[in-house]
Amino acid sequence: MAKYTVKRLLLLIPTLLLVCVIVFALLRMVPGSAVDQIMYKYSTAGITVTKEEVAARLGMDKPWFEQFGIWVNGLLHGNMGTSLFQAESVGAIIKRQLPVTLELGVLTLILTNLISIPLGLYCAARQDAISDQTIRVISVILMSVPVFWIGTLVLIYPAKWWNYAPATMYTPFLRDPIANLKMFIVPSILGAMTQAGAQIRMVRTMTLEVMRQDYIRTAWSKGVKEKRILFRHAFRNALIPVITIIGGSIAGLVGGSVILENMFNLPGIGQQMVNALSNRDYPLVQGCVLVFSIFVMVVNLIVDLTYKVIDPRVEID
């Protein structure tokens with residue numbers, strides 16, 4: 001396993017380089033530029049400056065490959081650059097706002113598993129019953145409905161009917177845990193609902209497949225209790241594909257945080273990246289995408305290593 005881990009970590013290097021190239025190139029293809037944005041702000045403030053002067057100040061008068069080289073060289077020295085509009089280093093901005101995104105992601109992941117695993121096992125134990133069919137229909141609906149639509153309904157109708165609105169002023173967890181959870185609980189539940197639909201069906205399908213095996217029939221014939229068969233025998237052996245979809249859902253949670261953070265005014269990386277994109281703040285967008293990419297790659301590596309822990313028969317070397 002150690003050899004495999006080292007190989008995967010080394011593979012991250014060319015992968016991250018490719019991510020850097022793609023992000024750098026795509027940002028430059030977006031209509032408009034940071035120079036145009038700054039020129040517009042200067043013009044509204046009555047400041048006279050030429051486009052060439054702004055480009056030179058930002059270092060954007062150089063060829064694209066030279067700009068890319070400067071950015072990569074900074075990354076190698078632990079410097080992601082400086083935001084073009086916030087006069088603050090990208091590293092400092094991400095360090096301040098990453099805990100918000102991670103808290104939202106962790107809460108959503110916990111709620112997703114608390115919903116999907118028990119319901120998936122229940123559906124497997126009650127195959128084709130009315131309750132099983134009802135939960136399956138609900139899971140399909142949850143998979144189909146966009147999270148931004150559900151979020152819009154949650155923001156509008158409770159305020160209209162009951163004069164209730166989720167908290168929108170961020171409070172750090174260490175300062176006031178209750179106020180912090182009040183702000184995070186609603187977006188976490190919404191994110192969990194959309195992810196739980198797919199996981200319920202996966203847990204049900206894989207558990208049913210395992211329960212058709214001979215050793216499960218033997219356990220039934222010996223009079224082993226249903227809960228013991230489901231949790232100790234069936235679910236444990238169905239965990240590998242379930243772990244795979246959980247790992248994949250984490251990447252979806254990162255992407256979903258962009259929507260939920262903006263809707264519920266959570267000052268995380270997702271919200272920051274949307275604002276940076278609208279301003280064409282290249283260094284900040286590149287830094288946020290790079291952090292997201294590293295996070296997803298590390299999670300995928302952990303998922304692969306988990307296979308060996310769950311089932312020692314799995315060969316990953």
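A pocket, as the word is used here, is found on a 1 Å grid over the protein atoms alone as an open set of points where a 1.4 Å probe fits, with protein on both sides within 12 Å along at least five of seven lines, and its lining residues have an atom within 4 Å of a point. Helices are DSSP runs (H or I, at least four residues), numbered from the N terminus.

The structure is a predicted model, in which local features need pLDDT of at least 70 and side-chain atom pairs count only at pLDDT 80 or more, while totals for chains, interfaces and linings use all residues. Residues are numbered from 1 along each chain as its sequence is written, and side-chain values use heavy atoms, with hydrogens and water left out.

| Pocket | Volume | Lining by class | Largest helix share |
|---|---|---|---|
| Largest pocket | about 420 Å³ | 9 nonpolar, 7 polar, 2 charged residues | H4, 4 residues |

Of the 18 residues that line the largest pocket, Leu58, Gln67, Ile70, Trp71 and Pro283 lie nearest its centre. At least two residues of this lining come from each of H1, helix H4 (64-76) and H13. For the second largest pocket, H1, H4 and H13 likewise each supply at least two lining residues, and the lining includes Ile13, Leu16, Val72, Met80 and Ile294.

**The nonpolar core**

A nonpolar core is a set of buried Ala, Val, Leu, Ile, Met, Phe, Trp, Tyr and Cys residues joined through side-chain atoms within 4.5 Å, where buried means under 20% relative accessible area with a 1.4 Å probe, protein chains only. The largest such core has 19 residues, among which Leu27, Ile94, Ile269, Met273, Leu284, Val285 and Cys288 touch the most other members. Two or more residues are given to this core by each of helix H1 (2-29), helix H5 (90-125), helix H12 (269-279) and helix H13 (282-310), and the largest share, 7 residues, comes from H13.

Not counting residues up to four places away in sequence, Met273 touches Val258, Val285, Cys288, Val289 and Phe292, a contact being heavy atoms within 4.5 Å.

**Gln271**

Gln271 has its place in helix H12 and is buried, with a relative accessible area of 14%. Leaving aside neighbours within four places in sequence, Gln271 is in contact with Glu261, Asn262, Asn265 and Leu266. The C-alpha atoms of Gln271 and Val258 are separated by 5.8 Å, although these residues are 13 residues apart along the chain.

Key:
Buried < 20%, exposed > 50% of the residue type's maximum accessible area, 1.4 Å probe, protein only. Points joined across faces, edges and corners; volume = space filled by probe spheres on them. Nonpolar A, V, L, I, M, F, W, Y, C, P; charged D, E, K, R; others polar.
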